[in-house]
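Student: I have a structure I'd like to talk through with you. Can we take it piece by piece?

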Amino acid sequence: MFRIMAARSVFFYLMSGVLCYSASHQQETLQDCLLAKAVPTSLNSSSNWGALTSAYNLRLPYTPIAVTLPATPQHVSDSVTCAATAGVKVQARSGGHSYGSYSLGGKNGSLVVDLQKFNSISLDKGEPHHGSPFIQTQT
Ligand SMILES: Cc1cc2nc3c(=O)[nH]c(=O)nc-3n(C[C@H](O)[C@H](O)[C@H](O)COP(=O)(O)OP(=O)(O)OC[C@H]3O[C@@H](n4cnc5c(N)ncnc54)[C@H](O)[C@@H]3O)c2cc1C
């Protein structure tokens, strides 16, 4: 009985070490990638972190691994690429009113792509979209 308990303790100790290493490795891989691609990013040490990660539904306060603030479509693309490289779930955030806190990832440790800088409207008068409006998500 004692042996089984000791084996279990050792197993859980080793597993928690593996999980900690895996999480910090993911964070490092993600941050290096976003930095290399010059994607505007907020981390939990940033002054705007609290405002960017506050949940609308306070019962589901998930904590992302990082938040990107893309200003261009390329930044959005790079955010998704970096998340995939690091093996991190990626989630878009527009108004942030999701009851399930899905725009915070719906679970801890996701990369949130905050679209607050996508706030313009343009009108394409040319063919073939004759008169089509393009409205960004934060408008
Ligand atoms: C008080 C209140 C009343 C509501 N009333 C209604 C109602 O009457 N009818 C109704 O239908 N809903 C209602 N809702 C639900 C709300 O409208 C939806 O949750 C809606 O998605 C909120 O939009 P948002 O921009 O805040 O989304 P967010 O919370 O930012 O995102 C919601 C989901 O959409 C995804 N997403 C956001 N932006 C993008 C994007 N650009 N591209 C791809 N995915 C994206 C997110 O990842 C997330 O999964 C209500 C919510 C609240 C809080």
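Student: Is Val39 buried or exposed?

Tutor: Val39 counts as buried, because it has 23 C-beta neighbours inside 10 Å; a residue is called buried if 20 or more other C-beta atoms lie within 10 Å of its own, exposed if 12 or fewer, and partly exposed in between, with C-beta atoms placed from the backbone. Please keep in mind that this is a predicted model, in which local features need pLDDT of at least 70 and side-chain atom pairs count only at pLDDT 80 or more, while totals for chains, interfaces and linings use all residues. Residues are numbered from 1 along each chain as its sequence is written.

Student: Where does Val39 lie, and what is it in contact with?

Tutor: Val39 lies in the loop between α1 (2-36) and β1, where helices (H or I, at least four residues) and strands (E, at least two) are DSSP runs numbered from the N terminus. Leaving aside neighbours within four places in sequence, Val39 is in contact with Leu34, Thr68, Pro70, His75, Asp78 and Ser79, a contact being two C-beta atoms, placed from the backbone, within 7 Å. Between Val39 and Pro70, which are 31 residues apart in sequence, the C-alpha to C-alpha distance is 6.5 Å.

Student: And Ala38, buried or exposed?

Tutor: Ala38, which has its place in that loop between α1 and β1, is exposed, because 10 other C-beta atoms lie within 10 Å. Its phi is near 55°, a positive value in a residue other than glycine. Most residues other than glycine have a negative phi.

Student: Switching to the sheet, what is the strand order?

Tutor: The sheet is open, has 4 strands in the order β1-β2-β4-β3, and shows mixed pairing; two strands pair if DSSP finds at least two bridges between them. The edges are held by β1 (41-42) and β3 (90-93), and each has a single partner strand, so one side of each is left without a neighbour in the sheet.

Student: How many bridges join β3 to β4?

Tutor: There are 4 bridges between β3 and β4 (residues 111-114), and the two strands run parallel. Within this pairing, Val113 in β4 is the bridge partner of Ala92.

Student: Which helix lies across these strands?

Tutor: Helix α3 (residues 73-86) lies across β2 (66-68), β3 and β4, and runs at about 175° to β4; the axes are lines fitted to C-alpha atoms, for helices over the stretch in contact, and angles run from 0 to 180 degrees between N-to-C directions.

Student: What about the largest nonpolar core, which residues touch the most other members?

Tutor: That core has 17 residues, of which Leu30, Ala83, Val88 and Leu111 touch the most other members; a nonpolar core is a set of buried Ala, Val, Leu, Ile, Met, Phe, Trp, Tyr and Cys residues joined through C-beta atoms within 7 Å. At least two residues of this core come from each of α1, β2, α3 and β4. Setting aside neighbours within four places in sequence, Ala83 is in contact with Leu30, Val88, Val90 and Leu111.

Student: Which residues come nearest to the ligand?

Tutor: Ser94, Gly95, His97, Ser98 and Tyr102 come nearest among the 13 residues around the ligand, where near means a C-beta atom, placed from the backbone, within 6 Å of the molecule.
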